[in-house]
Amino acid sequence: MDTTLEELYTQYPDTVKKNRKKHIVIKSEADVACPQIEANTRTIPGIISQRGCAYAGCKGVVVAPIKDMITITHGPVGCGYYSWGTRRNKARADSTTPKDKIYSQLCFTTDMQEPDIVFGGDKKLARMIDEIVAAFHPRGINICSTCPIGLIGDDIGAVAKAATERHGIQVLAYACEGYKGVSQSAGHHIANNTIMQNVIGKGNERKPGKHVINVLGEYNIGGDGWEQERILKDCGYTVNCVMTGDASYEDIKNLHLADLNLVQCHRSINYIAEMMETKYGTPWLKVNFVGVEATNESLRQMAKCFSDPELEKQTEEVIARETARIEPALEQFRKICRGKKAFAFVGGSRSHHYQHLLKDLGMEVVVAGYEFAHRDDYEGRQVIPTIKSDADSKNIPELHLKADEKLYREGNEYLNLSKEQFEALKKEVPLNYYEGMYPDMKNGDIMIDDCNHYELEELIKKLRPDLIFTGVRDKYIAEKMGIPAKQMHSYDYAGPYAGYNGAINFANDVAHTLTTPAWKMIVPPWERIEEPDTGKQEGAN
Ligand code: CFM
């Protein structure tokens with residue numbers, strides 16, 4: 001493996017080599033802890049990265065799925081149009097949100113034109129808000145800025161404040177111009193800060209029922225959140241809010257009234273989990289509902305938190321029933337999948353989560369990486385105090401919150417435990433912690449941050465995986481090389497892939513991808529016989 005990487009580096013100029021080496025780690029038994037990996041730093045200009053922008057992270061990922069708020073893309077039409085519905089975060093009417101209050105499937109944009117760029121877009125934005133209120137009467141409005149807005153200096157905060165006063169509903173401003181960070185990760189942070197400061201804590205209606213929980217960092221792509229809710233309700237939990245997949249503004253206001261925060265995607269939502277711990281004392285638990293064993297493990301850890309024998313019994317019943325139900329089907333797919341090698345390059349948490357589901361199918365991930373994760377997502381949260389901030393990370397303000405005088409309670413009180421019981425629980429269950437991807441990788445496996453087009457091609461040539469889990473842009477690199485690829489962001493029209501039903505869907509899709517005859521009909525470029533260059537251009541006339 002070492003030689004594979006050395007050969008890969010030799011193609012680079014010295015400065016690039018020096019930079020990229022820091023973003024790649026090979027797991028070695030000799031290392032007690034994860035070696036430091038460089039992450040969340042700028043992509044080298046000219047290199048083809050798969051990252052997105054801060055607007056994508058704020059609007060596309062965190063904010064837009066809130067179903068009963070209208071989200072305005074303040075910017076030229078392309079930003080709104082190309083981020084419209086592509087993430088497949090589903091929503092449906094429920095007891096708090098009737099059908100006519102769901103707007104997340106629509107696209108709203110100020111469609112900034114040249115005169116607006118020259119003379120300012122704030123008046124147009126204010127007019128648009130008035131029109132939206134008159135036509136839709138939404139419960140709240142989000143304004144998300146794109147790059148040109150920051151450049152011309154529209155004061156969206158002032159527009160939002162005036163509109164809030166004018167209409168009596170919350171209008172929130174997110175200064176998430178695309179260039180605000182090195183990737184979409186900056187946008188997650190901006191969205192987390194704004195929602196924490198302005199929405200969470202505004203409600204006072206706790207959902208009736210026992211063991212009230214929030215699922216943070218679950219965006220209901222392809223219905224993943226619904227499958228998790230089904231399982232959690234079966235176990236005996238009261239799900240307050242899945243945030244922000246199929247979430248309502250009303251439920252987010254009540255977020256602080258839950259007993260426990262579950263964190264599914266650590267990268268995008270760890271800020272809110274941490275800030276709620278500081279402000280309200282709410283404990284949080286990192287879970288993973290992708291993979292059968294991982295789901296079982298998460299459910300067992302959750303049950304321990306509440307120390308309720310009835311809950312533990314019901315959890316074991318659900319695990320036994322669901323596992324027995326899906327096992328025969330999984331075993332059929334395992335016959336096809338077993339022993340296959342995969343690469344996984346997804347945004348900031350799926351490259352870790354899906355390793356568990358692949359293990360259930362007898363597959364192994366030999367190279368894994370994130371587009372935009374931070375060091376803690378690779379190495380574990382214990383490294384956070386050692387992460388150096390740079391000019392880019394300082395761009396996003398850290399909110400220094402204090403314990404809320406009225407609402408703060410100690411963690412043990414949330415879970416109805418004595419202080420001693422809570423201390424004992426923390427030894428058994430990793431509350432308020434995430435260990436990152438590294439512990440789940442095997443000796444010799446490669447972790448790679450912000451993998452670029454060239455590196456992906458070279459790694460495919462050298463290691464010849466059977467399957468690649470990746471994004472909408474880089475999947476074609478793999479497919480053109482004759483390697484099947486599965487798009488792991490929006491799942492290409494498929495899903496859900498989380499929970500028990502998701503495991504079956506995923507196994508089915510992966511088995512079909514692996515066995516489709518199309519891949520045998522493609523000759524990869526390195527096996528093609530070189531045609532002599534005749535100097536004539538094909539297709540030219
Ligand atoms: Fe979290 Fe996500 Fe992801 Fe993400 Fe994303 Fe996504 Fe992703 Mo695409 S919030 S970090 S910014 S799990 S949109 S639902 S699939 S890159 S790995």
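Helix H9 (185-198), helix H12 (266-280), helix H16 (375-379) and helix H17 (391-394) each supply at least two residues of the lining of the second largest pocket, where helices (H or I, at least four residues) and strands (E, at least two) are DSSP runs numbered from the N terminus. The structure is a predicted model, in which local features need pLDDT of at least 70 and side-chain atom pairs count only at pLDDT 80 or more, while totals for chains, interfaces and linings use all residues. Residues are numbered from 1 along each chain as its sequence is written, and side-chain values use heavy atoms, with hydrogens and water left out.

**Second largest pocket**

- On a 1 Å grid over the protein atoms alone, a pocket is an open set of points with protein on both sides within 12 Å along at least five of seven lines, a cavity is a set where a 1.4 Å probe fits but cannot get out, and lining residues have an atom within 4 Å of a point.
- The second largest pocket holds about 1100 Å³ of space, a volume being the space filled by probe spheres set on the points, which are joined across faces, edges and corners.
- Its lining is made up of 39 residues, and Asn40, His374, Ile387, Ser393 and Glu398 lie nearest the centre; H12 gives the largest share of this lining, with six residues.
- By class, the lining has 11 nonpolar, 15 polar and 13 charged residues, with Ala, Val, Leu, Ile, Met, Phe, Trp, Tyr, Cys and Pro counted as nonpolar, Asp, Glu, Lys and Arg as charged, and the others, Gly among them, as polar.

**Cavities**

- Strand E11 (364-370) and helix H20 (453-463) each supply at least two residues of the lining of the largest cavity, which includes Gln50, Phe345, Tyr370 and His453 and divides into five nonpolar, four polar and three charged residues.
- The second largest cavity, of about 60 Å³, has among its lining residues Asn19, Arg20, His23 and Arg51, and its lining comprises two nonpolar, five polar and four charged residues.
- Asp450 and Asn452 line the largest cavity, and Asp450 and Asn452 also line the second largest cavity.

**Ligand surroundings**

- Around the ligand there are 15 residues, of which Arg87, His188, Cys265, Ser349 and His489 come nearest, a residue being near if one of its heavy atoms lies within 4 Å.
- This shell consists of seven nonpolar, six polar and two charged residues.

**Packing of H13 and H22**

- Helix H13 (residues 292-306) and helix H22 (residues 499-515) pack at about 170 degrees with their axes 9 Å apart, the axes being lines fitted to C-alpha atoms over the stretch in contact, and the angles running from 0 to 180 degrees between N-to-C directions.
- H13 and H22 are therefore roughly antiparallel, a term for angles over 145 degrees.
- Val292, Thr295, Asn296 and Leu299 of H13 meet Gly499, Tyr500 and Ala503 of H22 in this contact, which means heavy atoms within 4.5 Å.

**Backbone geometry**

- Most residues other than glycine have a negative phi, and most peptide bonds are trans.
- The peptide bond from Met243 to Thr244 is cis, with omega near 0 degrees, and Thr244 belongs to strand E7 (residues 238-244).
- Gly495 and Pro496 are also joined by a cis peptide bond, with omega about -5 degrees, and Pro496 lies in the loop between strand E14 (485-487) and H22.
- Asn40 has a positive phi near 55 degrees and sits in the loop between strand E1 (24-26) and helix H3 (54-63).

Methods
Angles under 35 degrees count as roughly parallel, over 145 as roughly antiparallel, 65 to 115 as roughly perpendicular and the rest as oblique.
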